[in-house]
Amino acid sequence: MLTSTEQEIRRGAPARAGAPKTAPARTGARRPSAPAAERTATRPSAAHTRPAEATAAKPARVRRPMSRKQRAPFVLLVVGLLCGGLISLLLLNTVLNRDSFTQDTLREETAQLQRENEALRQANAKKEQPAQLARDAELQGEKWDPTVGSIEVGQDR
């Protein structure tokens, strides 16, 4: 709860002459109340109060705290930036994980194709050996002819 002086300061009203600039700190303990006659007797007289011109000579500089209306856009901006950063990190992580799964799949496919390629190379190398070629020729009905492919030197044609 604000005092009337604090309310005037927040509204921007000029400081009153003789008004305290800050309120004293309140403690949890209460003072026992005294009868009204005793309270009036203990008050200082007008002669002991400060002159008005001494207090009004220099106006008090009051620092106004930031209002909630001024803080709200900044807070929303910071929260928005944090949320945007978090969402972009989550999307980046998702894309990287998806690419990781694709990469693993492609590596497995490449390894399988390399194994198949090596098996085909070995099968082809076996079929190109001379002994295998001769067996395959006999299976197809071909016979070896010793006269074919020989060159006779010294004979006229």
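Modeller: Let's begin with confidence: the chain has a mean pLDDT (the predictor's confidence in each residue, from 0 to 100) of 77, and 63% of its residues reach 70 or more. This is a predicted model, where local features need pLDDT of at least 70, side-chain atom pairs count only at pLDDT 80 or more, and totals for chains, interfaces and linings use all residues. Residues are numbered from 1 along each chain as its sequence is written, and side-chain values use heavy atoms, leaving out hydrogens and water.

The chain holds five helices and zero strands; these are DSSP runs, with helices being H or I of at least four residues and strands E of at least two, numbered from the N terminus. Confidence is highest in helix α4, at a mean of 93, and lowest in α3 (residues 52-55), at 54.

Now to your patch: Phe74, Val75, Leu77, Val78, Val79, Leu81 and Leu82 together have about 680 Å² of accessible area, computed by the Shrake-Rupley method with a 1.4 Å probe, where only the protein chains shown count as cover for residues.

Val79 is partly exposed, with a relative accessible area of 43%; buried means under 20%, exposed over 50%, and partly exposed in between.

Finally, an unreviewed UniProt entry lists residues 74-96 as "transmembrane region", an annotation that may be inferred rather than shown by experiment. Over residues 74-96 the chain is 100% helix, and the end C-alpha atoms are 33 Å apart.

Methods: Patches are made of residues with over 30% relative accessible area and no salt bridge: like charges are joined within 9 Å, nonpolar side chains (Val, Leu, Ile, Met, Phe, Trp, Tyr) within 5 Å. A salt bridge is a side-chain nitrogen of Lys or Arg within 4 Å of a carboxyl oxygen of Asp or Glu. Buried means under 20% relative accessible area, exposed over 50%, partly exposed in between (1.4 Å probe, protein chains only).
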